[in-house]
Amino acid sequence: AKKIILTEDTSLPAAVKILIGDKDVTLGEGEVKGTRVKVSGRIHRLRQQKQATFLTLIDGYGHLQCVLAGDLTRTYDALLFAQGTSLTLYGEMRKVPEGQSAPDNRELHVDYYRVIGKSPSDADAITNRVSAQQDQWDAQMLDNRHLVLRGDTASSVMKVRSAVEWAFAKAYRELKFTKISPPAFVQTQVEGGSTLFGLDYYGERAYLTQSSQLYLETAIPSLGNVYCIEKSFRAEKSLTRRHLSEYTHVEAELDFIEFEDLLVHLEEMISRVITTLLEDKEIAGYIKELNPEFKVPSRPFKRMRYSDAIDWLNAQDPPILNEEGNPHVFGDDIAEAAERRMTDIINLPIFLTHFPAEIKSFYMKKEEADLRCTESVDVLMPGVGEIVGGSMRMEDYDELIGAYKREGMSIDDYYWYTEQRKYGTSPHGGYGLGLERFVAWICKQHSIRTCCLYPRFMGRCKP
Ligand code: 4AD
């Protein structure tokens, strides 16, 4: 066989450099010439037939069908084409022939190409398994996360996640919240000592933050309502599908509000974010692929007091039991399994409110009408369960000091937090939303592990 060397035909129109996402190129049809373009990407799928080779090219902005024929399919490079091969292709953009289909109804009729990076053919195996939605708990899949991310499902989830983060920022801006960036190294706890990651900080004891809430509270006197989107860290010792050791926490704090205002704000934020997502055609397309039944939840969201949830669990036939296998009583934690069953049966977003003080965090404000309860809320979504935890905060100095004592916390470490109650206290409250859980709900992911780039949980800190 003779060695085929490709050269670009200089008599053709100069190629316009495009990304696959660029839709405003002329498509050739019949005698009408399409734009001659130059596009770089990687082979995602490969179909080699006698007459022609069909490549699906990806570049992070879409999929493009490329058709190669004649000598173009007979070069040494072409014989080694494999999933992952990176290359630059030149050619005319044309409408797909009647009766055939391709992404965006178009295909690139290649007249010249240059291979940039070869790929071994075993890469094929890895990404194909991904598109078959291999179980994400599989250690091999997690070890290969860097390749798994090239699959259609994983990359769609990442695109949606990016859009979710942007949609939150947009909604907060519209509602006039100021973004702040609290520290990750801290010397205080927010959600209990058992999930703190401790570390040596120049010889002092420090932790990775569990929540930026206390810092957000210190910013409201001068900045008004504030939010942050930062990492939170929890040394969770259980391996569940909704717990990570490092997650992205969307947190906000609102000044001079009542509990009802907090609930209405949460509804407003969730609705605005979903509207923004669905208004974006590309993102709406990914959501449709991942979660065809997804629809905007109707407002107002269902509200349920904790005590009514306890009654509801016990009224089921058979009753949904607590972790010890007994009927629930007031004061029990509603464990993940029970909470999930309740949410799935009710099948609507639920605002679960007024949890007993004894099972909630030290800073939560008590309900005046029933001092056993707090002005607290968990937002529960079908499929994932809790995605938000929020509450009104204790306003009174002495009450807060009492709360530290009861929890055995060191009062001195919290002076900066306590002093908010000394220098002009206010009725205020806020919440934290787990970004990965929110994304899992929208994208119908079984586990929140597939909703972050490189999941971190007990036993995994790589790649
Ligand atoms: O309910 P949590 O612990 O509340 C707080 O941290 C408050 N201080 C937030 C605030 O009021 N500013 O956590 C809030 C949310 C949960 O509803 C959940 O979505 C998420 O953070 N979350 C986790 N996500 C993934 N992995 C974990 N281990 C998580 N722990 C909490």
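## Lys360 and Asp378

Lys360 is partly exposed, its relative accessible area being 21%, whereas Asp378 is buried at 5%. Buried here means under 20% relative accessible area, exposed means over 50%, and partly exposed lies in between (1.4 Å probe, protein chains only). The side chains of these two residues, Lys360 and Asp378, form a salt bridge with an N to O distance of 3.4 Å. A salt bridge is counted when a side-chain nitrogen of Lys or Arg is within 4 Å of a carboxyl oxygen of Asp or Glu. The pair links distant parts of the chain, 18 residues apart: Lys360 is in the loop between strand S14 (350–353) and strand S15 (366–367), and Asp378 is in strand S17 (residues 376–381). Helices (H or I, at least four residues) and strands (E, at least two) are DSSP runs, numbered from the N terminus.

The model is predicted: local features need pLDDT of at least 70 and side-chain atom pairs count only at pLDDT 80 or more, while totals for chains, interfaces and linings use all residues. Residues are numbered from 1 along each chain as its sequence is written, and side-chain values use heavy atoms, with hydrogens and water left out.

## Other salt bridges

Across the whole structure, 28 salt bridges are found. One of them joins Lys170 to Glu174, with the closest N and O atoms 3.0 Å apart. Both Lys170 and Glu174 belong to helix H5 (residues 152–174) and are 4 residues apart, about one turn of the helix. Lys170 is partly exposed, with a relative accessible area of 27%, and Glu174 is also partly exposed, at 40%.

A further salt bridge connects the side chains of Glu260 and Arg303 at 2.8 Å, N to O. Glu260 is in helix H7 (residues 259–279) and Arg303 in strand S13 (residues 302–305), so this pair ties together parts that are 43 residues apart in sequence. Glu260 is partly exposed at 41% relative accessibility, and Arg303 is partly exposed at 33%. Salt bridges with shared partners join Lys170, Glu174, Glu260, Glu267, Glu268, Arg272, Arg299 and Arg303 into one network.

## Ligand site

The ligand is surrounded by 24 residues, the closest being Glu191, Gln213, Glu251, Glu386 and Ile387. Gln213 places a polar side-chain atom 2.7 Å from a nitrogen atom of the ligand. Arg234 has a polar side-chain atom 2.9 Å from a ligand oxygen atom, and for Arg393 the distance from a polar side-chain atom to a ligand oxygen atom is 2.9 Å.

On its own the ligand has 620 Å² of accessible area, of which the protein covers 94%. Strand S12 (246–255), strand S18 (385–392) and strand S19 (428–434) are the elements that give two or more residues to the shell around the ligand. Accessible areas come from the Shrake-Rupley method with a 1.4 Å probe; for residues, only the protein chains shown count as cover.

## Backbone geometry

Most residues other than glycine have a negative phi, and most peptide bonds are trans. The peptide bond from Arg299 to Pro300 is cis, with omega near -10 degrees; Pro300 is in the loop between helix H8 (281–290) and S13. Asp317 and Pro318 are also joined by a cis peptide bond, with omega about 0 degrees. Pro318 sits in the loop between helix H9 (306–315) and helix H10 (336–346).

Lys176 is not a glycine, yet has a positive phi of about 65 degrees. Lys176 is in the loop between H5 and strand S7 (178–179) and is exposed, with a relative accessible area of 70%. Asn347, also not a glycine, has a positive phi of about 55 degrees; the place of Asn347 is in the loop between H10 and S14.

## Domains

The chain is divided into domain 1 (16–121) and domain 2 (143–301 + 348–451). These bounds come from an automatic or database domain assignment. The centres of domain 1 and domain 2, taken over C-alpha atoms, are separated by 44 Å.

Note on methods
A residue is near a molecule or strand if one of its heavy atoms lies within 4 Å of it. A polar contact is a pair of N or O atoms within 3.5 Å; within protein, one must be able to donate a hydrogen and the other to accept it, and residues adjacent in sequence count only if both atoms are side-chain atoms.
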